[in-house]
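Subject: A structure for you to explore

Hi there,

Here is the structure I promised to pass on. Please open it next to this message and look up each residue as you read.

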Amino acid sequence: MKIPLLDLKAQYEGIMLEIRKEIDKIYESHQFILGPVVKEFEEDMQNYLQVKHAIGCASGTDALQLALMSLLFFGVNSDEFDEGSNQFSSPNYDDIEVITTPFTFFATASTIHRVGAKTIFVDIDEKTFNINPELIEKAITEKTKIIMPVHLFGQPAEMDKIMSIAKKYNLKVIEDNAQGIGATYNTNLNSDSVSEQNEQFAGTIGDIGTLSFFPSKNLGAMGDGGMCLTNNDDLAIRLRQLRMHGENPKYFHKWVGLNSRLDSIQAAILKVKLRYLAEWTEGRRRNAAFYHEFLSDVKEIKLPFINEKATSIYNQFTIVCERRDELMTYLQKNDIGCAIYYPLSLHLQECFSYLGGKKGDCPVSEEICKKVLSLPIYGELQKEQIEYIAQKIQDFFK
């Protein structure tokens, strides 16, 4: 039995006629960049995630950079839309600090670097792999302006605690939700009353949330794409302007923005796929339950832990295991796709050596990087395939 880590062919098989029909409309209209379909997709996303503004852009990485620019270039703590300020004529890594996790995809930290801010890495929680909110407050200095949690592998970070800290210190929050579209977090679960609970979609809780539509994401394009989410009208204005070279009106530029526009063909594809996202998410949750059923007795591994306040969309099903590299080789030899996300904590990456990070600074992240292994979890995966994967894992540890 051959089981890939992700089977996009199976995902597209039943919806390609719909997608081709929408792409044909783009060809006929010749509106290839930020056409009407982009606006329609943005509106669909606003309705789906119950957020006021959704602004499409060229990639998830660009979404993060636009989010940072929209706050830092205009004054992080300003409540007004200041049209006159642009703090960064050149990078200055001593003036602005952004707190984030070291256990995440590279873009989370690289975008902080690109806007001229200093990345402050805070270690992760050993159960959820998300940034540990208990350690954030200790990392805050007078230079701290933004907290950037990541909703890793589809599980939201502890946003109630993070927002409380941000409010206390007058900080802004950017949610890197590249892996968590459709996940929710209950920010008021202390109450037994359902009416007093406040379940919100990941990416809509902080000042700005970002999405990635990279093909392997739960909602993936046939190429690159990204999006910024916000409930703030002024931030939405900034984000839309910055994605178009900072121009307003056309050919007049007060700020240097990005060329980061979501093209119409990708928007049309995503618009179709969004209709199926809830169904695909339920498939992933069902398959996660099968893994828990079949692997709960294997003492050499730890299955994903989901915070009681969170719902996960399982962008990855990531286990912690002994003899990780040997197990990965064994599974691959048995035609089972698997991968390591991520093999080296970001504070130890060579390109960030200027930050002074060293072994022992983020011990949980460093240890997790040695033991994590992600297994197939896509919604089209069948129960029999999961049983096969589980059996092979059991065989390996016998």
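A few ground rules before the tour. This is a predicted model, so local features are given only at pLDDT of at least 70, side-chain atom pairs count only at pLDDT 80 or more, and totals for chains, interfaces and linings use all residues. Residues are numbered from 1 along each chain as its sequence is written, and side-chain values use heavy atoms, with hydrogens and water left out.

**Pockets**

Let's begin with the open spaces. α4 gives the most to the lining of the largest pocket, namely three residues. Helices here are DSSP runs of H or I with at least four residues, strands are runs of E with at least two, and both are numbered from the N terminus. A pocket is found on a 1 Å grid over the protein atoms alone, as an open set of points with protein on both sides within 12 Å along at least five of seven lines; a cavity is a set where a 1.4 Å probe fits but cannot get out, and lining residues have an atom within 4 Å of a point. Grid points are joined across faces, edges and corners, and a volume is the space filled by probe spheres set on those points.

The volume of the largest pocket is about 430 Å³. It has 23 lining residues, and Phe105, Gln179, Ser212, Phe214 and Lys217 are the closest to its centre. At least two lining residues come from each of α4 (60-72), α5 (107-114) and β8 (208-212). Sorted by class, the lining has nine nonpolar, 11 polar and three charged residues. In this scheme Ala, Val, Leu, Ile, Met, Phe, Trp, Tyr, Cys and Pro are nonpolar, Asp, Glu, Lys and Arg are charged, and the others, Gly among them, are polar.

The second largest pocket has a volume of about 330 Å³. Among its 18 lining residues, Glu126, Phe129, Lys302, Val320 and Ile368 lie nearest the centre. β10 (301-302), β12 (317-321) and α12 (363-369) supply at least two lining residues each. This lining holds nine nonpolar, one polar and eight charged residues.

**Cavities**

How many cavities of 30 Å³ or more are there? The count comes to two. The largest cavity has a volume of about 90 Å³. Its lining has 13 residues, with Phe153, Gln155, Pro304, Phe305 and Ile306 nearest the centre. The second largest cavity, at about 30 Å³, has Gln155, Pro156 and Asn307 among its lining residues.

Most residues other than glycine have a negative phi, and most peptide bonds are trans. Phe153, from the lining of the largest cavity, has a positive phi of about 60° although it is not a glycine. This residue sits in the loop between β4 (144-148) and α7 (159-169). Is Phe153 buried or exposed? Its relative accessibility is 6%, so it counts as buried. Buried means under 20% relative accessible area, exposed means over 50%, and partly exposed is in between (1.4 Å probe, protein chains only).

Asp335 also has a positive phi of about 60°, and lies in the loop between α11 and α12. With 41% relative accessibility, Asp335 counts as partly exposed.

One joins Asn248 and Pro249, with omega about -5°; Pro249 is in the loop between α8 (233-242) and α9 (264-274). Another runs from Tyr341 to Tyr342, with omega near 15°, and Tyr342 is in the loop between α11 (324-333) and α12.

**A helix and two residues**

Phe41 lies in helix α3 (residues 36-49) and is buried, with a relative accessible area of 0%. Beyond its neighbours within four places in sequence, Phe41 is in contact (heavy atoms within 4.5 Å) with residues including Phe213, Leu262 and Leu274.

Finally, Asp207 is in the loop between β7 (199-201) and β8. Its side chain reaches the backbone nitrogen of Val173 at 2.8 Å.

Enjoy exploring!

Conventions:
A polar contact is a pair of N or O atoms within 3.5 Å; within protein, one must be able to donate a hydrogen and the other to accept it, and residues adjacent in sequence count only if both atoms are side-chain atoms.
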